[in-house]
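Trainee: Could we walk through this model together, starting with its charged pairs and then turning to the ligand?
Mentor: Gladly, let's take it one question at a time.

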Amino acid sequence: MRLSEKTAIVTGAGSGFGAGIARKFAAEGARVMCADIDAASAQAMADEIGGVACTVDVGDGTSVNAMAEAARAAFGDIDILVNNAGITHLPTPMEDVSEEEFDRVLRINAKSVYLTARALVPGMKNRGTGAILNIASTAGVSPRPRLNWYNASKGWMITATQAMAVELAPFGVRVNALNPVAGETPLLKSFMGEDTPEVRAKFLSTIPLGRFSTPEDMGNAASFLCSEEASMITGVALEVDGGRCI
Ligand SMILES: NC(=O)c1ccc[n+]([C@@H]2O[C@H](COP(=O)([O-])OP(=O)(O)OC[C@H]3O[C@@H](n4cnc5c(N)ncnc54)[C@H](O)[C@@H]3O)[C@@H](O)[C@H]2O)c1
């Protein structure tokens, strides 16, 4: 029980990696708020793991503040924050991504990290403890063509992780990131453009361990980085990528 007595908020917990992280956190003893823009999936996950559901738009400051307030009302102090909710545009030449789509990706993948920090970092600083985990991507390290602005949003997230880590270290707050490789979640189809055996084979050929990542892989890595076992680790972006970035 790595996370017993801990409280956690996981954004985007209704699906994919966020669901895997929420499940693992609960199995390790944490009390988990499952936060998602999709109210039904947030509730279903909270029911499954005995957590608390919250409907949130992570790109909206008022909504994020309400999530933080609801978490404090349910749990008291918040020990762990996982910024997992994220989206992509479809594979597109960079000059053809619309301004609306660009803003949408940056709002949900980047601005959300600022908004949740604004809402939750003061409490962590006051208590002198906390763990924040940003779900970035191998896309931020080794970008694939045509996922251009999504790649850049994840590079932003990795730099934000380092900036937060160095600034918050004196307050006992650790900040890390995970860089997943393509994973078996509903988002995978959007990365591939079309889900055909040929496109799958092309993606898999770039992963030395020969398989896509899974929500369980992310749950395992996340529970380690957010636990006391990782108390000397801050500012890393850990690749969970089957060797893709070698
Ligand atoms: N699946 C992959 O191949 C892959 C690879 C690398 C990184 N990632 C990253 O992992 C994270 C999770 O992705 P996933 O594959 O599990 O995707 P997913 O689509 O399965 O789940 C994302 C969840 O986020 C929620 N969400 C979307 N917009 C939201 C918003 N504005 N506010 C709150 N919740 C919102 C969705 O409702 C959904 O439940 C993302 O940040 C993604 O960029 C995914």
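Trainee: Which residue forms a salt bridge with E228?
Mentor: A salt bridge here is a side-chain nitrogen of Lys or Arg within 4 Å of a carboxyl oxygen of Asp or Glu. For E228 the closest N and O atoms of the pair are 3.1 Å apart. The partner in that salt bridge is K6.

Trainee: Before we go on, what kind of model is this?
Mentor: Residues are numbered from 1 along each chain as its sequence is written, and side-chain values use heavy atoms, with hydrogens and water left out. Local features need pLDDT of at least 70 and side-chain atom pairs count only at pLDDT 80 or more, while totals for chains, interfaces and linings use all residues, because this is a predicted model.

Trainee: How many residues apart are E228 and K6?
Mentor: The salt bridge between E228 and K6 links distant parts of the chain. E228 is in the loop between α8 (215–225) and β7 (237–240), and K6 is in the segment before β1 (7–11). Helices (H or I, at least four residues) and strands (E, at least two) are DSSP runs, numbered from the N terminus. The separation is 222 residues.

Trainee: Which residues are linked with K24 and E28 in a network of salt bridges?
Mentor: The structure holds 13 salt bridges. In the network that includes K24 and E28, the other members are R2 and E229.

Trainee: Where does R200, the salt-bridge partner of E184, lie?
Mentor: The closest N and O atoms of E184 and R200 are 3.2 Å apart. E184 lies in the loop between β6 (173–180) and α6 (188–192), so the pair ties together parts that are 16 residues apart in sequence. E184 is partly exposed at 39% relative accessibility, and R200 is partly exposed at 24%. R200 lies in helix α7 (residues 197–204).

Trainee: How far is an oxygen atom of the ligand from an N or O atom in the side chain of T185?
Mentor: Among the 27 residues around the ligand, those that come nearest include D36 and T185; near means that a heavy atom of the residue lies within 4 Å. A polar contact is a pair of N or O atoms within 3.5 Å. For the D36 side chain the distance to a ligand oxygen is 2.6 Å, and a backbone N or O atom of N84 lies 2.8 Å from one. For the T185 side chain the distance is 2.5 Å.

Trainee: How much of the ligand does the protein bury?
Mentor: Taken alone, the ligand exposes 840 Å², with accessible areas from the Shrake-Rupley method and a 1.4 Å probe. Of that area, the protein buries 92%.

Trainee: Which backbone oxygen lies 2.9 Å from a polar atom of the N109 side chain?
Mentor: N109 lies in helix α4 (residues 99–127). At 1% relative accessibility, N109 counts as buried. The backbone oxygen at that distance belongs to I87.

Notes. Buried means under 20% relative accessible area, exposed over 50%, partly exposed in between (1.4 Å probe, protein chains only). A polar contact is a pair of N or O atoms within 3.5 Å; within protein, one must be able to donate a hydrogen and the other to accept it, and residues adjacent in sequence count only if both atoms are side-chain atoms.
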